[in-house]
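Here is a short report on one chain.

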Amino acid sequence: MMSSLALQYVVIALAVIGSAVVVVRKQFPGTVRRLRTASALWLLREQRAPALRRLGRRLAPEASATAAGCGGCSGCDD
């Protein structure tokens, strides 16, 4: 009984976290891009382990050729 209640709480917590991530990515694309860039730069330092540097390369946002004030949502391409 107790383990099923704990499992239920874990599933609900994962759903709430997933929903929050989707909302943040949709509503604040510029902030998400800046956070990804800062995290990638931190991971790509020379003294980091190779696995962390690979993660940093995957985490880095794609280069954008859009206007400077754009958040990078690619909404202009539609």
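## A buried glycine

G56 has its place in helix α3. G56 counts as buried because its relative accessible area is 0%; buried means under 20%, exposed over 50%, and partly exposed in between, with a 1.4 Å probe and protein chains only. Along the chain, G56 and A38 are 18 residues apart, and 9.7 Å separates their C-alpha atoms. Of the 78 residues in the chain, 9% are buried.

## Model and confidence

This is a predicted model, in which local features need pLDDT of at least 70, side-chain atom pairs count only at pLDDT 80 or more, and totals for chains, interfaces and linings use all residues. Residues are numbered from 1 along each chain as its sequence is written, and side-chain values use heavy atoms, leaving out hydrogens and water.

The chain has a mean pLDDT of 86, with 79% of its residues at 70 or more; pLDDT is the predictor's confidence in each residue, from 0 to 100. Among the elements, the lowest mean pLDDT (92) belongs to helix α3, residues 50-59, and the highest (95) to α1. Where pLDDT is low, the predicted coordinates should not be read in detail.

## Secondary structure

The chain has three helices and zero strands. Helices (H or I, at least four residues) and strands (E, at least two) are DSSP runs, numbered from the N terminus. From that end the order is α-α-α.

## Surface patch

M2, L5 and Y9 form a nonpolar surface patch. Together they have about 360 Å² of accessible area, by the Shrake-Rupley method with a 1.4 Å probe. Patch residues have over 30% relative accessible area and no salt bridge; nonpolar side chains are joined within 5 Å, like charges within 9 Å. A salt bridge puts a side-chain nitrogen of Lys or Arg within 4 Å of a carboxyl oxygen of Asp or Glu.

L5 belongs to helix α1, residues 2-27. L5 counts as partly exposed because its relative accessibility is 35%.

## Ring contacts

The charged end of R48 sits over the ring of W42, 3.9 Å from its centre. The criterion is NZ of Lys or CZ of Arg within 6 Å of the ring centre and within 35 degrees of the ring normal.
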